[in-house]
Amino acid sequence: MAGLMVDLQLLRHFEAQLDPLHPEAGTVPVQVLGYGEISTVFAIDGQELAYKRMPIFQSSAEIDAYEAIYDRYNQLLQEDVGIALPRYGRARVPGRQGVDVLYLVQQRLPAGSIGNQALHWLDAQGALRLVEAVLGELAKVWEFNRGQDQMQLGIDGQISNWALADFDPSAPHLPDDLRLVYVDTSTPLFRIDGQEQLDAELFLRSAPSFLAWLLRWLFLKDVVGRYYDFHAVIVDLIANFYKEQQAELIPDLVQLANDFLSRQVGELDIAPITRKEVEAYYRQDAFIWRLYQGARRLDRWLHTRLLHKPYPYILPGPVQR
Ligand SMILES: Nc1ncnc2c1ncn2[C@@H]1O[C@H](COP(=O)(O)OP(=O)(O)O)[C@@H](O)[C@H]1O
Ligand SMILES: [Mg+2]
């Protein structure tokens, strides 16, 4: 594995004392850096690392398989596609349910360098430059895919998955030579001969069982497939600006993306983006996730209050969309 040193003893202790209902209230001082649909990203005070906790596995064999795919995906992105990643590693520690919990570890990047947080100090011009740089990185993936017979890579282009390299929090500014780092490698999506390598069912585990059928249908078809489609990934990236409360930038972003795509003429041949589809997509996406998060909170309530069973996942508070 790519070498980041991890203090296993501290991590074991952290997992043992973690209360998923109150992740920041334990004896190990931590801060939640981000909530994902299945994972939670922590920083332990005084350390330069970001820990992404993956409590979804039911056996060591499942972790082995996931780790192999995770490492391969990181390697493909970094070495074959040419996208920069933070230094990374991983560690597993005993979980309370008798199965190990996997922690993906990355060099911790400054909060203000993460795309969606950078939007708060960037002006409109800067935001457009940031998105243009993201499009440039994403195009590398589809250029790579175009040259492959068997392998196809997927990627989640959302603005919150990118960080500005060499960022100085004390003097935030966009350098002329804007370089990006991709952080969200925990959903390693690639297909070999059309076969998804990751067991995408893993990602349904944290969903309430009463929604599993709905999600299997929505998620495995639509949500996973979307990451292999450059047009859809761009629509998702732009629609994010509603969630980031910067909807006023959307017309310019659509223009920017279409200018970008027209410069790639003949090579990638991606249909232009329309404002209408960005809006329609956002409405549908926001609806699905609101429903999903609501159902998870209900599921947690059922577990803890009604059945008096532990609920292992950490849920975000209400997210504004
Ligand atoms: N290496 C890192 N350094 C600092 N913050 C991070 C790092 N990795 C993730 N984060 C924060 O956590 C959020 C979620 O992480 P991400 O890897 O995108 O997982 P997911 O979206 O699957 O939950 C990011 O948007 C970012 O704010
Ligand atoms: Mg992410």
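Residues are numbered from 1 along each chain as its sequence is written, and chains are lettered from A and ligands numbered from 1 in the order in which they are written. Because the model is predicted, local features need pLDDT of at least 70 and side-chain atom pairs count only at pLDDT 80 or more, whereas totals for chains, interfaces and linings use all residues.

The protein chain is assigned domain 1 (25–107) and domain 2 (111–306), the bounds being those of an automatic or database domain assignment. Taken over C-alpha atoms, the centres of domain 1 and domain 2 are separated by 19 Å. The contact takes 20 residues from domain 1 and 21 residues from domain 2, where two residues are in contact if their C-beta atoms, placed from the backbone, lie within 7 Å. On the side of domain 1 that touches domain 2, the elements that give two or more residues are E3, helix H2 (60–81) and strand E5 (100–107); helices (H or I, at least four residues) and strands (E, at least two) are DSSP runs, numbered from the N terminus. The largest share of this side, eight residues, comes from H2. By class, the side of domain 1 that touches domain 2 comprises 14 nonpolar, four polar and two charged residues, with Ala, Val, Leu, Ile, Met, Phe, Trp, Tyr, Cys and Pro counted as nonpolar, Asp, Glu, Lys and Arg as charged, and the others, Gly among them, as polar.

Strand E5 is mostly covered, six of its eight residues being buried; a residue is buried if 20 or more other C-beta atoms lie within 10 Å of its own, exposed if 12 or fewer, and partly exposed in between, with C-beta atoms placed from the backbone. E5 runs antiparallel to E3, to which it is joined by six bridges, and Lys-52 has Leu-104 in E5 as its bridge partner. Strand E4 (residues 88–94) also runs antiparallel to E5, with seven bridges between them, and here the partner of Gly-89 is Val-105. Two strands are taken to pair if DSSP finds at least two bridges between them. The hairpin of E4 and E5 has five residues between the strands, and in this hairpin Gly-98 takes a positive phi near 90°.

An open sheet of three strands has the order E6-E9-E10, with antiparallel pairing. Strand E6 (151–153) and strand E10 (195–196) are its edge strands, each pairing on one side only. E6 is joined to strand E9 (residues 190–192) by three bridges, and Phe-190 in E9 is the bridge partner of Leu-153.

The largest nonpolar core has 64 residues, of which Leu-102, Val-134, Ile-234, Ile-238 and Ala-257 touch the most other members; such a core is a set of buried Ala, Val, Leu, Ile, Met, Phe, Trp, Tyr and Cys residues joined through C-beta atoms within 7 Å. Both domain 1 (25–107) and domain 2 (111–306) give residues to this core, so it lies between them. When residues up to four places away in sequence are not counted, Val-134 touches Gly-157, Ile-159, Trp-162, Leu-180 and Leu-237.

Ligand 1 is surrounded by 17 residues, the closest being Gly-34, Gly-36, Ala-50, Ser-160 and Asp-184; a residue is near the molecule if its C-beta atom, placed from the backbone, lies within 6 Å of it. The elements that give two or more residues to this shell are strand E1 (30–35) and strand E3 (49–54). The shell divides into seven nonpolar, seven polar and three charged residues, and draws at least three residues from each of domain 1 and domain 2.

Asp-252, found in helix H7 (residues 250–263), is partly exposed, with 16 other C-beta atoms within 10 Å. The C-alpha atoms of Asp-252 and Leu-128, which are 124 residues apart along the chain, are separated by 7.8 Å. Most residues other than glycine have a negative phi. Asp-193, however, has a positive phi near 50°; Asp-193 lies in the loop between E9 and E10 and is exposed, with 8 other C-beta atoms within 10 Å. Asp-269, likewise not a glycine, has a positive phi of about 55°, lies in the loop between H7 and helix H8 (275–306), and counts as exposed with 10 C-beta neighbours inside 10 Å.
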